[in-house]
Each structure stands twice: as C-alpha cells, then as structure tokens.
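Subject: Handover of a predicted model, with notes

Dear colleague,

I am passing on the structure below, together with my notes on it. Please read the notes with the model open beside them.

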Amino acid sequence: MLRTIGRRVLLLIPTLLGLSILLFLWVRALPGGPAVALLGEKATPEAVERINELYGFNRPVLEQYFTWLGRLAIGDFGSSITTGREVLDEFLRRLPATIELSMFALVFAVGIGIPLGYWAARRHGRFADHSAVALSLIGITIPVFFLAFILKYIFAVELGWLPSDGRQDPRIDATHPTGFYVLDGILTGEFDAAWDAFLHLILPGIALGTIPLAIIVRITRASVLEVQNADYVRTGRAKGVSTGVIRSRFILRNAMLPVITTIGLQTGLLIAGAVLTETVFAYPGVGSFMAEAIFRRDFPVLQGFIIFIAIIYAFINLFVDVSYSVIDPRVRVQ
C-alpha cells in the first residue's frame, strides 16, 4: 500500500512540471506579450517597458521560468497586480468559503445521486427509470449560471425563503476561528450564526451540485445495471444468500468503483467551477476572486489559481486510487 502511494506521489511531479511549462508558455504567448495584454493595446512603449522591467518579462525565457518555478516550490505564488497582496495569502483567506460551498454541493450530489441511480437501476425499463434518466439529462444540460439565477429569483426574491447572496447576514456578530462559518458557529456555540451560514449555502450549493448530481445518477445507474447481472450475483442468489447482502455487498459495493472515480473528478470540478456560482450569489470565495482577476487581467492570480487547482486535482486522484484498494480487495492483491 505504501509503495503504491509513494509511486503515485512521484508520478505527480512530472505531471505538475508539465502543467507549469504549459501555463508559463500560455502567459508568454499572449498577443503582444503579457505586458500589452495587461495594459491594453493602447499602452505606450514606456509603460510596456516599465511592466516588463518590473515583472522580469524582458529576461531570457529559461531564466524567467526557473525563477518562477523556484518561487512556486517555496510557496511563493507572486503578488496580485491590482491589489498588491500575496496571491497565496488571498487564496488561503478565501479557500474555506469555497471548500465549505463545495462540500455542501458534494454532499447534496452524492446523498441524492447514488440512491437515485441505484433506485433507477432496480426499476430498469419502468417509468421511474425513464424519469430519473430524463431528469439527469436535464441536470447535465442546464447551465450553472442560468440555474443559479432561477433559484435566486424564485426562492430568494419571490418567496423570500432563503438569502440571496453572501456567506452570512452582516448583522450577525459571529466569531470565525477557522473560516468555516457553519463549523465556527458550532464550535463557539453561536448556533444562530451556524444556521444562518447554512441557509446561505443552500441556493449556491444546489446550483453548484446539480451537474455532479446528474452525472452521479447516470454513472451509478449504469454501473449497478452492469453488476447486478454478473455471474457472482447469480451464484449468490442460487446459494440462497439474503437479498440485503446481495444488494449491499455484491451489487452496490462492486458498483462503487466507477462512481468513486466520478465523485473524485467532480470534487475538483466543484472547486474549479465555483467561479460562476460564487459570482451570481456574491459569495466571497476563491471563485469570485478568480472572476475579478479575469476581468482585471491579473495574471499572477490566474496562474496561481490554475496551479492550485491542479495540485488539488492531483491529490484527489491519489485519494481515489487509494480508496480503490479499500473497497475492492482485488486491487490490494494486484
């Protein structure tokens, strides 16, 4: 097990190096160079030269790359061009909000997606199965920002049941030792603050988790349909194994491998895809920070965000690979 984990970790190094090269070349390949892209086409030569000198864009390309890579290795993601603050500090300040939102969306997607997909597979060919497939198709095709606006208009504006933006009511004076508002409210005993933070998560969490929910439903349904007709399932039934054991240990457990892969990939997509959702709901997470950086052409922030998301993706995939051996003993043997 430890050897497998070590090998996977070593494989992350060339992957991240390759990504860093592509990311570095992408910024340098912008029309007119990064300085012109930042200042605009009407920038004066003096202003372009000043930006090139300030950020080292006039140095040899290899020197620029290895200097940038060396800074990344020690956790220096650079400073924001517009605010002057350290990119890593800004990410870490906003990251708890995005993680909290992503975890809510993931629990929503997994908690409904797996039971619904299993339920549809058990009723294969019936009306319930066709309905689940149709709803999952709608969930995949509907744009996140459109669903976010619809949810916000119905439940926040028209009905007034849920808050429309932010992480917490500004009138609540709450303590935030960890930055996770729901957890902070529970730890400090400020349950009104925890409940208010939870209410602020519902609409953006549903909007963000709808597409993963639809994908998990379809993958679970397809996987269960494949497994429930396997030879070992028929053998278990022929030997008189109880229906509960067959469904939980024979079918559902063996059907979980592709589902776990999907969940792992969707977890990374939730964090990366929070840009639109956080922008619509004015949610102060990493996604809204990225939206501001895109509009302002803040390249250090964009580079830092992409590298940061790539690292998260890599470790999520590592966790998925390790979880395979826990669920399926055949993987441990191999």
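Residues are numbered from 1 along each chain as its sequence is written, and side-chain values use heavy atoms, with hydrogens and water left out.

The whole chain

The protein chain has 15 helices and zero strands, where helices (H or I, at least four residues) and strands (E, at least two) are DSSP runs numbered from the N terminus. Of its 334 residues, 44% count as buried, buried meaning under 20% relative accessible area, exposed over 50% and partly exposed in between, with a 1.4 Å probe and protein chains only. Contact means heavy atoms within 4.5 Å, and among contacts between residues at least 6 apart in sequence, 73% join residues at least 24 apart.

An unreviewed UniProt entry lists residues 101-121, 133-155, 197-217, 257-281 and 301-320 under "transmembrane region"; UniProt positions are given in the numbering used here, feature names are shortened, and annotations may be inferred rather than shown by experiment. In the model, the span 197-217 is 100% helix and 0% strand, with its end C-alpha atoms 28 Å apart. The span 301-320 is likewise 100% helix and 0% strand, and its end C-alpha atoms lie 28 Å apart.

Helix α4 (residues 61-73) has 13 residues and reaches 18 Å from its first C-alpha to its last, close to the 18 Å expected at 1.5 Å a residue; the expected span of a helix is 1.5 Å times one less than its number of residues. The buried residues in α4 include Gln-64, Tyr-65, Trp-68 and Leu-72. They cover an arc of only 95° around the axis, which puts them on the same side of α4, the arc being that of the directions from the helix axis to the C-beta atoms. On the face turned away from this buried side, α4 carries the exposed residues Leu-62, Phe-66 and Ala-73. Just after α4, Gly-75 takes a positive phi of about 85°.

The packing of α7 and α9

Two packed helices are described by the angle between their axes and the distance between the axes. Helix α7 (residues 144-158) and helix α9 (residues 191-227) pack at an angle of about 145°, with their axes 9 Å apart; axes are lines fitted to C-alpha atoms, for helices over the stretch in contact, and angles run from 0 to 180 degrees between N-to-C directions. Residues of α7 that meet α9 include Val-144, Leu-147, Leu-151 and Phe-155, and among those they face in α9 are Leu-203, Ile-206 and Ile-211.

Individual residues

Pro-163 lies in the loop between α7 and α8 (181-187) and counts as partly exposed, at 22% relative accessibility. Not counting residues up to four places away in sequence, Pro-163 touches Ala-156, Leu-199, His-200 and Leu-203.

Pro-204, by contrast, is placed in helix α9 and is buried, with a relative accessible area of 2%. Beyond four places in sequence, Pro-204 touches Leu-101, Thr-277 and Phe-281; Pro-204 and Phe-281 are 77 residues apart in sequence and 6.7 Å apart in space, C-alpha to C-alpha.

Ala-282 is in the loop between α12 (274-280) and α13, where its phi is near 50°, a positive value in a residue other than glycine.

Phe-289 is found in helix α13 (residues 286-296) and is buried, with a relative accessible area of 6%. Leaving aside neighbours within four places in sequence, Phe-289 is in contact with Glu-90, Phe-91, Arg-94 and Val-301.

Notes: Predicted model: local features only at pLDDT ≥ 70, side-chain atom pairs only at ≥ 80, totals over all residues.
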